[in-house]
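User: I'm new to reading protein models. Could you walk me through this one?

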Amino acid sequence: MKSLALKTLAGCLCFALASSACVKKSSDAAGPREGRTLQIAVIPKGTTHEFWKSIHAGAIEAARELGVEVIWKGPQKEDDRAQQITVVEDFISRGVDGIVLAPLDDRALMRPVQDAVRERIPVVIIDSSLQGSDFTSYVATDNYKGGVLAARRLGQLLGGRGRIFLIRYQEGSASTVQRETGFYDTVKKEFPDLVLLVQDQYAGATTETAYQLAENLISRFPDVEGVFAPNESSTFGTLRALQESRLAGKVVFVGFDSSPKLVQGLRDGHIQGLVVQNPRKMGYLGVKTMVAHLRGETVEKVIDTGVVLATADNMDDPAIKSLLSPDLSKIID
Amino acid sequence: MSRQRPAGLQKALNVLGPFIGLALVIALFALIPEVQGRFLRFANFKSVATQSVIVALGALGMTFIIVSGGIDLSAASNIALSSVITAYAINAGAAPLVAVLLGVLTGGLVGLANGALVTRLRLIPFIVTLGMMGIARGAAKWIAGNQKIDAPMTWANEFMARSPRPSWLLLAPGVWIVILLAVAMAVVLRYTVFGRHVFAIGSNESAARLCGIRTSRVKILVYSVAGLFCGLSGVMEFSRLTVGDPTVAVGLELDIIAAVVIGGGSLNGGEGSILGTMVGVMIMSFLRNGCTMMGWPNYIQEIIIGAIIVIAVTLDRLRHRGE
């Protein structure tokens with residue numbers, strides 16, 4: 001029986017080796033070839049969040065416009081660094097023409113990106129930065145600028161003086177730290193009369209933890225006049241806490257990112273401003289930059305996809321509205 | 001256990017089952033024209049082998065535990081804890097060799113604790129290791145200060161390099177380590193007194209005890225060895241990520257258990273083989289690799305692997321009805 005097992009195994013191996021030997025000739029010519037559709041792998045951090053769906057939509061738009069094929073594939077578990085490495089490796093094995101990657105970790109994804117470049121597969125980084133300089137281009141939101149916009153909105157509405165909270169998101173999260181730094185620097189430089197009651201408290205990863213932090217802060221400083229929160233979950237958690245303590249609308253509140261609940265908060269006057277990114281443009285420009293590079297054009301090393309401030313006044317402008325509540329149904333089926 | 005005639009055919013099927021599965025998976029992707037040429041390349045086998053190392057090491061230990069009739073739900077948390085300890089030690093200025101040993105030992109200690117609790121407190125392994133799953137994960141986050149640990153690059157990061165430094169190695173050093181350990185463990189499980197005791201305990205623990213086997217001692221050893229494997233797996237995880245990440249490998253214990261079960265291990269104990277387990281690991285890795293190369297969405301992959309687990313366990317039950 002054991003010999004049977006061995007025979008089968010040997011059979012499989014022979015089969016595998018034989019077939020690999022046959023096909024080797026035909027597939028040795030890697031890299032872009034004339035007359036063939038370019039294949040671009042787009043690897044997000046996860047696949048279920050709205051943000052990534054917008055990036056997907058943008059990537060598809062670019063693919064349709066430029067006549068290339070986009071393969072969309074995230075790590076099997078959201079936010080799993082090890083699995084994202086696996087996905088990058090598998091696309092290197094497949095021999096795609098280019099990889100557009102939103103790295104889950106600025107360090108852990110360095111080696112797979114090096115591997116890709118060694119196999120002559122260029123990589124464009126989107127959304128979050130990567131250490132080193134192996135990649136072709138970095139296409140992302142200027143997060144620091146987002147923090148600056150938020151600080152100016154808050155400062156203007158408070159007339160340059162008041163007591164405010166800077167709620168931080170999480171230690172080690174590069175993009176939100178940049179937003180917080182942008183906010184902090186601008187407050188110190190342009191609005192010296194704003195008093196930061198709190199500036200080193202972390203909301204944590206979920207809405208629930210942000211909610212608890214905001215509740216505790218409000219009960220300790222009930223006379224707060226302004227609040228800034230640096231991402232979707234901390235903004236929503238803070239919004240809930242303000243609503244529960246009947247301070248919503250009385251406190252000037254500026255948040256980051258968008259969701260249906262936050263848009264409603266903006267409409268109800270509970271939120272005075274939301275800094276929104278443009279993920280669709282990020283997906284679009286990520287693929288477009290890659291294709292330009294593959295077609296031999298020179299591309300910028302850093303590309304800013306822009307941030308805008310949405311307020312109750314401009315939230316119904318078509319351009320802002322498409323950022324606040326993107327309609328992706330036409331693009332992703 | 002006995003090799004009786006009537007069970008012969010069935011047994012052959014049991015042994016062959018996983019191989020047939022592996023052949024089917026490879027054939028499936030080998031026949032799809034889109035990835036055919038790329039899927040069967042040596043470079044791809046190399047990366048699948050490297051991707052399998054972490055689960056394979058965990059599964060080597062898990063095979064012993066499952067054969068002995070136990071279960072270890074803390075395996076993945078143990079891997080995360082060991083990888084964090086390794087990164088921490090390197091960051092603290094320890095020599096890479098010391099850090100690697102510390103990582104492996106950490107895993108062994110967690111395993112020893114599991115074994116001691118199971119035998120001394122007479123709790124079922126499911127509960128003990130469920131608790132340890134939380135404890136090890138929490139400890140990992142605590143030591144890492146709730147974030148990943150960036151450690152400087154050392155030779156410890158070469159274990160899992162896709163292109164090994166002395167290129168005559170062909171495969172990443174981690175893959176060779178797995179192959180050597182798998183052969184060693186297969187011999188231990190089949191041909192040593194200890195291995196036979198593990199089977200005996202898994203088949204019928206009280207009978208084994210009445211036969212004079214020191215069941216507690218064997219079980220503590222089994223959990224400790226499995227812990228050491230998780231520790232080594234954690235070192236490999238660190239080597240691969242180049243950072244110590246306390247949130248890594250969440251849910252990986254289920255992949256590890258699935259590999260053992262697909263490879264013919266029985267959750268009732270008394271059955272399983274190292275060869276089968278390794279084939280189980282390869283089946284899942286090839287599936288994941290093929291699905292990614294095809295660009296199929298993750299849910300398809302999850303459904304396929306889920307279905308394979310159910311089929312494998314169905315076979316397991318049919319086998320028991322047959323006996």
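Analyst: Let's start with burial: a residue is buried if 20 or more other C-beta atoms lie within 10 Å of its own, exposed if 12 or fewer, and partly exposed in between, with C-beta atoms placed from the backbone. Take A:Phe228: it has 31 other C-beta atoms within 10 Å, so it is buried. A word on the source: this is a predicted model, where local features need pLDDT of at least 70 and side-chain atom pairs count only at pLDDT 80 or more, while totals for chains, interfaces and linings use all residues. Residues are numbered from 1 along each chain as its sequence is written, and chains are lettered from A and ligands numbered from 1 in the order in which they are written.

User: Where is A:Phe228 placed, and which residues does it touch?

Analyst: Helices (H or I, at least four residues) and strands (E, at least two) are DSSP runs, numbered from the N terminus. A:Phe228 sits in strand E8 (residues 226-228) of chain A. Contact means C-beta atoms, placed from the backbone, within 7 Å. Leaving out residues up to four places away in sequence, A:Phe228 touches A:Ala150, A:Leu154, A:Leu166, A:Ile167, A:Phe183 and A:Val254.

User: How many residues does the largest nonpolar core have?

Analyst: In soluble globular proteins, nonpolar side chains tend to be buried together. A nonpolar core is a set of buried Ala, Val, Leu, Ile, Met, Phe, Trp, Tyr and Cys residues joined through C-beta atoms within 7 Å. Here the largest has 153 residues, and A:Ile99 and A:Val287 have the most contacts inside it. Helix H3 (residues 42-67) of chain B gives the most to this core, with 15 residues. Another core, of 44 residues, lies apart from it and includes A:Tyr211 and A:Leu324.

User: And which residues does A:Ile99 touch?

Analyst: Among them are A:Ala41, A:Val88, A:Phe91 and A:Ile121, again not counting residues up to four places away in sequence.

User: Last one: how many helices and strands are in chain A?

Analyst: Chain A has 11 helices and 12 strands, and 50% of its 333 residues count as buried.

Note on methods. Two residues are in contact if their C-beta atoms, placed from the backbone, lie within 7 Å.
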